[in-house]
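Colleague: I'm new to this one. Please take a close look at the backbone in the loops and walk me through it, spot by spot.

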Amino acid sequence: PSVPRHTNRLINEKSPYLLQHAHNPVDWYPWGQEAFDKAKSENKLIFLSVGYSTCHWCHVMEEESFKSEEIGEIMNKHFVCIKVDREERPDVDKMYMAFVQATSGGGGWPMSVWLTPELKPFVGGTYFPPEDTVYRSGFRTVLLRIAEQWKENERALLNSSQRILEMLRITSEIHVQGEASPPPSKEVMDNCFQRLSRSYDEDYGGFSRSPKFPTPVNLNFLFTYWALHQTTPEGARALQMALHTLKMMAYGGIHDHIGQGFHRYSTDQHWHVPHFEKMLYDQGQLAAVYSRAFQISGDEFFADVTRDILLYVSRDLSDQVGGFYSAEDADSYPTTTSGEKREGAFCVWTAEELRALLPDPVEGATEGTTLAHVFMHHYGVEEAGNVDPMKDPHQELKGKNVLIARCSPEVTAAQFELELGKLRALLQECQQRLSSARAQRPRPHLDTKMLAAWNGLMISGFAQAGAALAEQEYVSRAAQAAAFLRTHLFDPDSGKLLRSCYRGKDGSVEQNAVPIQGFLEDYVFVIQALFDLYEASLEQSWLEWALHLQHMQDKLFWDPKDFAYFSTEAGDPSLLLRLKDDQDGAEPTPNSVSVTNLLRAACYSGHMDWVEKAGRILAAFSDRLQKIPTTLPEMVRATAVFHHTLKQVVICGDPQAEDTKEMLHCVRSVFSPNKVLMVADGDSTGFLYRQLPFLASLERKDGKATAYVCSNFTCSLPVTSVQELREMLSP
C-alpha cells in the first residue's frame, strides 16, 4: 500500500471508527481537552462529527467530503474538527442528538453539529451531500455560511446557543410529578398491549410497515403480557403476535441464511431487503427472545434459530480471549479486484452463481431437478434478481438476490416430490457449499471494539439460551465472557466498570491511554448478565459481583432529588447536560432494565431499599408510562414484575444430584417472568446463606431435592414433585 498523504491525531486512537479517519486531510481531533483548548484560544467554532464504523452513510460522507482536499482545507481553516465514535462515547452522542432531534425533527448518523468554543450547539444535522442539490445545501456551502455567520454575528450565535441549551435542559428533565408512586400496572400493561395490537402487521409480523426493526423489547413485553393473561383472548393474541413476528423474521432476508445471525433491520415490510450490518446488541437480545419463544411454545424451530445466532457470534464476533466484538459492516468489496465497496456484496447472489455452485441432480425428485432448482425455489431466487428497485436507490443490488424463505419446508418438499427429511438435508448441503463459496469473497470490516454493555447483552443471550435449551456449552461461553469483563473491563482498585477495550494488532487486548469509564448502560446490562449467568450456572461469585456493581451504580448515577438514574456520572465539565434516557430503542433504556435488576438484587440480598428504588424509577417515568407506554415497553413489563412481586424459587439439594438437576431443568424450561432461581446447597458459609439467613431454615424433605416458592422471604410448603413445582411456577 502507498504511504498516506495525510495523518492526523486519530492515528493514536484505538477505536476502529476513529482510525478509519486517521488519513483524512481533515485535521481531526478526538473528543478531549486539547481540542477544547484550541477552540478557545483561537476563538474558533467546533465542528463535531459523530458516527460508528459500520454506518453506511458515515462511509458515504467520508468518501464525498472528509477525503476531499478542498473541503478539508475549509474545515481546517475555519473550525476545530472533532470525531467521536458514538459507541465509545454514548454520552456525547446522546447529548448532541437530543439537540439535533429537537431542532430538526429528525436524527441519525453521521451526526454533524456545530458548537461554540464552550461546546454549546447552535446548528446541527446528519448527512450532508458535498455540493448543493435541488433540495438542500451542500456541506461545502454550509461550512462557509456558518464560518461567515461566526465572523459577522458572534454575539448573536452565542446568545442563541445559550437559549437552546436552556430549552434542552428543561425539556429533557425526567422527574416525579405529583405523588411519588408507581403507575397502576394493569392499566399501563393493557394500554401498551392495545397500542401494539393496533400497529401490528397481521401478514408479516412486526409493528410498522417499513422500515422494520426487530424490537426485542416489544416481543419481551408481549411474552410477559401472555404469561399474565394466558386464559384470555388478549393473552392468546399477544403470544400469536410475538411468535409470528419471530417466525417471519427468521424466514426473511434480515436473517442471514448462509452465515447465520441477523442483520440490523429490514428496509421493507416483508423482512426481505436489510441494511446488512450485524450488531452484537441485536444478536444478544434476539438469542434471548428466541430462547423464550422455545420455552413457551416447545417448537424446535425457535431453538434452532437461537443456535444459529450463537453459532454466528461464536465464530465471527468472538475474541480469542473471551470478549465479543461490536459489529460487522454492511459494505464490502464484491471481489478481490474491486475498487469500490458495495452494501450487501458479501451476502447476495446471482441466479447464475447458484446454478454453477449447485449443479448436482437430485435423486428421487421430479425429473431434471438439480440442487439449484430446489434451493432457488425455496429461497425466492429470480433470474433478474429479487430486490425491488425502490429498495435499492443506488442500484448496488441490481441483478442480485437476497435469500428469503418463500415456502415452508413442507411445501418445497411437496413441490419436488421429496420426503421432508431429505429436503432438509439437501438445503443444509446447499448452505454449506454457499458458505464455502462466500468465504472466498472479501469480508466486511469487523469492528473489534469490545464494549461492556453489549458484552453484557450477549452474555445474557448465551446464559438464557444455555438454561432454556439445556446446553452447557452456552453457559460456559457466557462464563468465559464474564471472566473477560472482570479482567479487562473492571478496575478492582476503584470498583468501577470501564466502557471499552480493543483487539490489538497481535491479538492482545488493548486499552486507551486514558480508559473511558463505564456509563449507566454498562452497569445495567452487565448486572443483568451476571444475574442471568448465576441462574444458568449457580456460580455464586457472579451474584456477589452483580450486587457490588449495583451498589456502585447507585453511588455513581442515582438522582436523589428527582429519582431514577442519570446516564452519566457527575463531574465531567465537557458534558453540559446529565440526561436520563426515556425511550426503549434498539436496546432497552437502562432505567427500564434497572427496575428488574433492583428487584432481583433485593431477592438475592434481602436489601429491601432496592425494591423502594425500583418503585421510584417507575414513579419518575409514570407520566410517560401512562400516556405513551409503547415508548417504554421494557419498563411497562417491569411494572408488572414490580406489582406482582418476584417469586424466589429455592431448590434445596446437591446441585450435582440427579433429583436436583430435574428440578432445575423444570424451573429453567418454564417461562415465568416474575421469578428468580437460587439453590440452597447446605453450605452455610456460602455467599447466599450470608446474604439470606432464611435459607438456613429450609430443608430437604425425605432426603430428596425439595423446592420452595417464596415471596418476600415467606415460603410455601415444600414440594418434591416436578409436576407440583411446574404448577407453582405459573404467574
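Modeller: First, a word on the labels: helices (H or I, at least four residues) and strands (E, at least two) are DSSP runs, numbered from the N terminus. Keep in mind that this is a predicted model, where local features need pLDDT of at least 70, side-chain atom pairs count only at pLDDT 80 or more, and totals for chains, interfaces and linings use all residues. Residues are numbered from 1 along each chain as its sequence is written, and side-chain values use heavy atoms, with hydrogens and water left out.

As background, most peptide bonds are trans, and most residues other than glycine have a negative phi. Now to the spots themselves. Between α5 (90-104) and β4 (111-115) there's a loop that holds P110, and the peptide bond leading from W109 into P110 is cis, with omega near 5°.

Next comes the loop from α8 (185-199) to α9 (216-228), where P211 sits. The S210 to P211 peptide bond is cis too, its omega near -5°. T215 belongs to the loop between α8 and α9 as well, and its phi is positive, near 40°, though T215 isn't a glycine. T215 counts as partly exposed because its relative accessibility is 23%; buried means under 20% relative accessible area, exposed over 50%, and partly exposed in between (1.4 Å probe, protein chains only).

A564 isn't a glycine either, yet has a positive phi of about 70°. With 0% relative accessibility, A564 counts as buried.
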